[in-house]
Amino acid sequence: MSVVNLPNGDTIEIVITSKEHELLYVFKNSDGVKYGEYRNGIPATLTNQCNIAAQIKQTIDPEREYKPQNLNKKFNDVKQILQLKYETLILERQEKQESEIQDAKQKHQELLDKAKRKLQSVSQPLIYIGSLVDWITAGERNNIIYAFTVYAGQVIIGNPVSVIALGEAGSGKSHIQESAMGLLPKSSVVNEKKITEAALFNRSKKDKYFYDGKIVNYGDMGGASDHDFMQESKNLMKELQSDGYLNKPLSVLDEDGNWTVQDLELIGRPCLTYTTVPNHDFDEQEMSRSIFITPRMDNQKIFNRRNSALEFKHGKTYLTLKKYEKELELVPYMLLHLKEVLYDVDIINPHVNIVIDFLKQSNFYKRDFDKFNGLLKTITALNYYNHDIIEINGSKLLLTNIADVQLFMSLLRPYRESISANLSPKAVDVLNDYRTHHDEWVNHGSREVLELGITTNEYFELQSLGLSKGSVRKYFYELADKGFLKITTKVQRSNVYDLSDSDFVSIDEDLKHISETTYKNIEYEMGSEIAELVRNDSYVEGLDIMNFDSGVDKPRWL
């Protein structure tokens, strides 16, 4: 504490404020009671007429016995001591800040080293992380790990794919997004709720690379008004995501309060993430740049069992949860470590034909290829310590193996049909729900045309997916538009829908028997040594993204 003693026993304390070159001067009597508090510049800049000088002079000479010249000299003596105290305070503060920075760097490095050891010790990092995630959720592990892996692709290898969670109000979509984002380095996420073009301009003035490599979180955009408000900034962000460069003239207020046209310039490739309702209409641009996740609506029993187990605070299950929450805190450092070790490594997927077959029915296969091939490469990156680095012509290569592909295929299992058929995930759920109950719903009832199908209002009453009427209409329209439902008749101006003959194209791959053509292509492009490495790779029996890590206990609610 920087305190100067005055001749009469009073003190002046110097306090640094948040404003640059501004100090708080606190006057206290000999009993420690404050009687004055003033803001002014550093001591060296204080004049004989300032408020600080007046208070010091009043304290030194309450009876006004000193001549002005002598009183000014007394003030200057105190001012010099105050300046010395201030300089000492600044020096101590700098030393403390440097020490804190050094301590933070040391702690950061220790956590990176610990993350490295953990990655080296677990056989399948994604399964290990997923096993921990099962403790913080009720049946949403696959969705959370799907979102996390897409986010991780941006952090580790710079693969900017947006993550959009769709669901009715209260369905748990924010839980999925927040749980996945909680596993990321804080430096990788930018929270931009209700941002305008002008705010984007201010970002660009300070740092045109501000959004490069970031995951930009728009939060909950539940209604049409939210999308309308953010439309311009969202369009700019999507353009930046695709092109890596953005330059647009904007009318902004200058320092004098006058409108002027200045260029908004941003460089880099961010991706977006937000939650919204199912009946929002996405443009093709956003569909092609994003993956869509929908919460489960069939996990009420698991949800209730989890709440029942965790109600006993400080019980065995509760304490185990806290233990695994602590382990999850290491995951962001795993991503930072992998980003560091992979900065000069190229990841190559020799099983690229699997991704091509996976997307053969997609309307956006050109953009979807990079999206999902990047997802598979992210899984390869997360499994870094399960691979050998190969050097060819001075370049370091990491090859995707069959185990990576097995994890990729099992991760996307709940979404395979929606990706293959170019349907939203919940539309697939609706279709499967209708297929499951078709005979029960259609062949029983009093309405004469019931055997020809059901209306959206009837499905709303019959379904157990928790959908609103508006969402049901949206998904039935989508399924009819893509040929999975057909309109058979009308009942009181309502369409009656039945199943059509369309079906999903199978995208299963026989990973146990890779075609000879694949090996020949690899040998042609990369040489016989690489082809032989790929040929010696083998299928791992039973490997699945939903497996449980042997070092993590399984929650009671599963």
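Visitor: Leaving aside its neighbours within four places in sequence, what is Asp-537 in contact with?

Guide: Asp-537 is in contact with His-351, Asn-401 and Ile-402 once neighbours within four places in sequence are left aside, where contact means heavy atoms within 4.5 Å. This is a predicted model, in which local features need pLDDT of at least 70 and side-chain atom pairs count only at pLDDT 80 or more, while totals for chains, interfaces and linings use all residues. Residues are numbered from 1 along each chain as its sequence is written, and side-chain values use heavy atoms, with hydrogens and water left out.

Visitor: Where does Asp-537 lie, and how does it count by relative accessibility?

Guide: Asp-537 lies in the segment that follows α20 (528-535); helices here are DSSP runs of H or I with at least four residues, strands are runs of E with at least two, and both are numbered from the N terminus. With a relative accessibility of 22%, Asp-537 counts as partly exposed, the class between buried (under 20% relative accessible area) and exposed (over 50%), using a 1.4 Å probe and protein chains only.

Visitor: How far apart are Asp-537 and Lys-512 in space?

Guide: From C-alpha to C-alpha, Asp-537 and Lys-512 are 10.0 Å apart in space, and they are 25 residues apart in sequence.

Visitor: Changing topic, in what order do the 4 strands of the antiparallel open sheet come?

Guide: The order is β1-β2-β3-β4, and two strands are said to pair if DSSP finds at least two bridges between them. The edge strands, β1 (2-5) and β4 (34-40), each pair on one side only, and from one strand to the next the twist averages 20°. Angles run from 0 to 180 degrees between N-to-C directions, and axes are lines fitted to C-alpha atoms, for helices over the stretch in contact.

Visitor: Over how many bridges do β3 and β4 pair?

Guide: Strand β3 (residues 23-28) pairs with β4 over 6 bridges in the antiparallel sense, and Val-26 stands opposite Glu-37 in β4.

Visitor: Which strands does α1 touch where it packs on the sheet, and what about α2?

Guide: Helix α1 (residues 51-60) touches β2 (11-16), β3 and β4, and its direction makes about 150° with that of β4. Helix α2 (residues 68-121) also packs on the sheet, where it touches β1, β2 and β3, and its direction makes about 40° with that of β2.

Visitor: How many residues of α1 are buried?

Guide: In α1, 7 of the 10 residues are buried, so this helix is largely enclosed by the rest of the structure. The buried residues are Ile-52, Ala-53, Gln-55, Ile-56, Lys-57, Thr-59 and Ile-60, and they pack against β2, β3, β4 and α2.

Visitor: And which are the buried residues of α6?

Guide: In helix α6 (residues 197-206) they are Leu-200, Phe-201 and Ser-204. These residues cover an arc of only 105° around the axis, which puts them on the same side of α6; the arc is that of the directions from the helix axis to the C-beta atoms. Lys-205 and Lys-206, on the other side of α6, are exposed.

Visitor: What does Ser-204 touch, not counting residues up to four places away in sequence?

Guide: Ser-204 touches Leu-264, Glu-265 and Leu-266 on that count, and its relative accessible area is 11%.

Visitor: Last one: at roughly what angle do the axes of α16 and α18 cross?

Guide: The axes of α16 (residues 425-442) and α18 (residues 469-481) cross at roughly 85° and come within 9 Å. The two helices, α16 and α18, are therefore roughly perpendicular to each other, a class that covers 65 to 115 degrees, whereas angles under 35 count as roughly parallel, those over 145 as roughly antiparallel and the rest as oblique. Lys-426, Ala-427, Val-430 and Leu-431 of α16 make the contact with Tyr-475, Phe-476, Glu-478 and Leu-479 of α18.
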